[in-house]
Amino acid sequence: MDLVNHLNDRLLFAVPKKGRLHQQCLDLLHGSDIQFHRNARLDIALCLNMPIALVFLPAADIPRFVGEGRVDLGITGQDQVAESQTRNVEEILNLGFGKCKLQVQVPANGEINDPSQLIGKNIVTSFTGLTKEYFSKLEAAVDSKPTASANGAETPRRRATIAGSTTIKYVGGSVEAACALGVADGIVDLVESGETMRAAGLKAIATVMETAAVLIRSKNPSNPALVETITARIRGVITAQKYVLCTYNAPRAKLEEIKQITPGRRAPTVTSLVEEGWVAVSVMVEKKKIADTMDALALQGATDILVTTISNSRTI
Ligand SMILES: Nc1ncnc2c1ncn2[C@@H]1O[C@H](COP(=O)(O)OP(=O)(O)OP(=O)(O)O)[C@@H](O)[C@H]1O
Ligand SMILES: O=P(O)(O)OC[C@H]1O[C@H](OP(=O)(O)OP(=O)(O)O)[C@H](O)[C@@H]1O
């Protein structure tokens, strides 16, 4: 099939083709009912039920493609957006997965405990832009710190560093190996559980940034209405994953107390029970808070507390 000719009237939506974000992105597309068939080895897939084409790209390249404007939407990490320094990209939704930290790491049993000790040394990373920015600030901060002279008076610190004196080298993967191989005194890489870092005999001494997967859009999308529709669908799936629906019966006399416990996203739905003095309540509760919420409701005399999974939602 001549794919290029099929792309003209379609909104292009870039998703990571592999790596940590890939499967969760596919799940999100499935939950949003964005149906597609991807031919083996092809990085473009036409959607079957919407005028969209999915473009499967490395997470690191997605901000640039979205920033250049032909691709209207994309999913990638905030770290990749920051590293790309692309201006024409807007973050529209935090997707709640792909959470990790970009951290400065050094040998766990070495002498270095503070990132300023790495000034003038060799750093290896896949994030050279963010790392250069981080060390430039660090060098500037160290240089401008006043220092006490022999008679106790504060004098400007002799330039301890030469701006840009820290060497920052790029590698595309397996960054953790760099210290063991003797090519780096420290690395800057992503840490989630810390397992990779510990297995490589490293420890974290500073955080450059925290990151999560985000939905991004180009600042001047070709089809803003469709961008809105897709965003609303994805937001609905994310909300559904984050919340459960809690229903219960409670004494009307306790209405104020139970409203405090379950305020809902806007407000709880309260209806009268046929039984005098009782109400039925239906309300969305954050999944991670549901056990504490049920305990607190029970203490206020609520009964028949039921929790239901939300499979999809449309909220603002
Ligand atoms: N351990 C992790 N936990 C959570 N999110 C992560 C983790 N590692 C990476 N990410 C997120 O996923 C994005 C893509 O990283 P990943 O290493 O999966 O990409 P890749 O280099 O394209 O894939 P691969 O490592 O398979 O070659 C990162 O920029 C970050 O936002
Ligand atoms: O703290 P952890 O839970 O161990 O995760 C951190 C690791 O995950 C990422 O790499 P990934 O495994 O995706 O492979 P890569 O090194 O090839 O990028 C990242 O680059 C770290 O190496």
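**Notebook: loops, ligand shells and cores**

I started with Gln-85, which I find in the loop between α4 and β5 (89-94); helices here are DSSP runs of H or I with at least four residues and strands are runs of E with at least two, numbered from the N terminus. The model is a predicted one, in which local features need pLDDT of at least 70 and side-chain atom pairs count only at pLDDT 80 or more, while totals for chains, interfaces and linings use all residues. Residues are numbered from 1 along each chain as its sequence is written, and chains are lettered from A and ligands numbered from 1 in the order in which they are written.

**Entry 1: positive phi**

Although Gln-85 is not a glycine, I noted a positive phi of about 50° for it. Gln-85 is partly exposed, since 13 other C-beta atoms lie within 10 Å; the scale calls a residue buried at 20 or more other C-beta atoms within 10 Å of its own, exposed at 12 or fewer and partly exposed in between, with C-beta atoms placed from the backbone. Arg-41, also not a glycine, has a positive phi of about 75°, and I located Arg-41 in the loop between α2 (22-31) and β2 (44-46). Arg-41 counts as exposed because it has 5 C-beta neighbours inside 10 Å.

**Entry 2: domains**

I then looked up the domain assignment (bounds from an automatic or database assignment), which gives domain 1 (3-96 + 213-222), domain 2 (101-211) and domain 3 (243-309). Six residues from domain 1 and six residues from domain 2 make up the contact, where two residues are in contact if their C-beta atoms, placed from the backbone, lie within 7 Å. On the side of domain 1 that touches domain 2, helix α4 (residues 78-84) gives the most, with four residues. That side of domain 1 divides into one nonpolar, three polar and two charged residues, counting Ala, Val, Leu, Ile, Met, Phe, Trp, Tyr, Cys and Pro as nonpolar, Asp, Glu, Lys and Arg as charged, and the others, Gly among them, as polar.

**Entry 3: the two ligands**

I find 15 residues around ligand 1, the closest being Gly-19, Arg-20, Ala-59, Gly-77 and Glu-192; a residue is near a molecule if its C-beta atom, placed from the backbone, lies within 6 Å of it. The shell around ligand 1 has five nonpolar, six polar and four charged residues.

Ligand 2 is surrounded by 14 residues, and the closest are Leu-190, Glu-192, Ser-193, Glu-195 and Thr-196. Two or more residues of this shell come from each of β11 (186-191) and α7 (195-199). By class, the shell around ligand 2 holds three nonpolar, six polar and five charged residues.

**Entry 4: nonpolar cores**

In the largest nonpolar core, of 49 residues, I noted that Phe-13, Ala-14 and Val-55 touch the most other members; such a core is a set of buried Ala, Val, Leu, Ile, Met, Phe, Trp, Tyr and Cys residues joined through C-beta atoms within 7 Å. Domain 1 and domain 3 both give residues to this core, so it lies between them. Another core lies apart from it and has 20 residues, among them Val-106, Phe-127, Val-175 and Ala-184.

Setting aside residues up to four places away in sequence, Phe-13 touches Ile-52, Leu-54, Val-55, Asp-72, Leu-73, Gly-74 and Ile-230. Leu-73, which I find in strand β4 (residues 73-77), is buried, with 26 other C-beta atoms within 10 Å. With the neighbours within four places again left aside, Leu-73 is in contact with Leu-11, Phe-13, Leu-215, Arg-217, Val-227 and Ile-230.

**Entry 5: residues 240-312**

The unreviewed UniProt entry lists residues 240-312 as "domain: Histidine biosynthesis HisG C-terminal"; UniProt annotations may be inferred rather than shown by experiment. Over this range I recorded 27% helix and 40% strand, with the end C-alpha atoms 5 Å apart.

Ile-258 sits in helix α9 (residues 255-261) and is buried, with 24 other C-beta atoms within 10 Å. Not counting residues up to four places away in sequence, Ile-258 touches Ala-250, Val-281, Leu-297, Gln-300 and Ala-302.

Is Leu-273 buried or exposed? Leu-273 is exposed, with 12 other C-beta atoms within 10 Å, and its place is in the loop between β15 (269-272) and β16 (278-286). Apart from neighbours within four places in sequence, Leu-273 is in contact with Asn-249, Trp-278, Val-279 and Ala-280.
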